[in-house]
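Please read the numbered points alongside the structure.

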Amino acid sequence: MRIESRYNGPPGSGNGGWSAGIFAAAVDGDGPVEVTLRRPPPLDTPLALVDGEVRDPVGLVVAEVRPTGAVDAVVPPVDLPTAVAASAAYPGLVDHPFPGCYVCGPRRPDGLRIFPGRLPDGRTAAPFRVPSAVSEATVWAALDCPGGWAVIAPGRPYVLGRIAAQVDALPEPGDECVVTGVTVGVDGRKARVHTSLYGPDGTLLANARATWIALPGPSTA
C-alpha cells in the first residue's frame, strides 16, 4: 500500500478518509471494517498490513484495521439545491486549518472539492461531483471531512482518529451526489460524528461513523 502525495490531508500526511479507505481495501472479507489511525499516514511510503496493523518500513504502527458490526449511523439526506446553498457558506473558504486538503481544501483545484456548509439544524451538507476515477477509497474520503466540519470551529482544528464505513454502492463518474454530516457527541477533545453519501436519485450509497480529535493549541497550517 502507498498513499500518493496528492491524497494529502494536513501537510505532509495522508487524508484520513482516503488513507483509511486504502487500508480497509487491503483486508480480506466482505463485512465493514473500522480503521484507527495511530499516527499521521505517511505519503509516498510503502506500507504493509500485518495482523490487522498497518506498518511503515521501520515497523511503526500507522493504523489498526478491525472487522466491525453494521455501520447503522445514517444522516438524513437533503436535496441538491439545499446542499449547494449550504456549501456556499462553507467556513473553510475563509478559515481552513489545512487548505491544501485533497477532500475539502479550497486550494486544491484537483481535489474532491467537497465544501460542507452548516444547515440550520447543525448538520453539514455539500454537493459532490464524482471524479472520473472512483474507488472505495474515494467514497471513504468523501465520508471523511463533512463529519469533521460538523465540529471544526475557528481556532479549533480537528483531525480524523477513527472511522468505520459501510459502502453499499459506488457512485458513477460525473454523478452529482450529496454528502451530509452531523455531530452526535463531544467528550473533551473527542467528537463523534456520522456521515452519509447519497446518489443523484437520493439513494443512500454509503455511510460512516467516526471519531475526530481536536488538536492542542492553534493551527499552524
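1. The lining of the largest pocket comprises 18 nonpolar, ten polar and eight charged residues. Ala, Val, Leu, Ile, Met, Phe, Trp, Tyr, Cys and Pro count as nonpolar, Asp, Glu, Lys and Arg as charged, and the others, Gly among them, as polar. The model is predicted: local features need pLDDT of at least 70 and side-chain atom pairs 80 or more, while totals for chains, interfaces and linings use all residues. Residues are numbered from 1 along each chain as its sequence is written.

2. The largest pocket holds about 640 Å³ of space. Among its 36 lining residues, Leu37, Val159, Leu160, Gly161 and Ile213 lie nearest the centre. A pocket is an open set of points on a 1 Å grid over the protein atoms alone, where a 1.4 Å probe fits, with protein on both sides within 12 Å along at least five of seven lines; lining residues have an atom within 4 Å of a point. The volume is the space filled by probe spheres set on the points.

3. β7 contributes the most to the lining of the largest pocket, with five residues. Strands are DSSP runs (E, at least two residues), numbered from the N terminus.

4. Asp44 is not a glycine, yet its phi is positive, near 50°. Asp44 lies in the loop between β1 (33–37) and β2 (48–50). With a relative accessible area of 41%, Asp44 is partly exposed, a class that runs between buried (under 20%) and exposed (over 50%), with a 1.4 Å probe and protein chains only.

Technical notes. Side-chain values use heavy atoms; hydrogens and water are left out. Helices (H or I, at least four residues) and strands (E, at least two) are DSSP runs, numbered from the N terminus.
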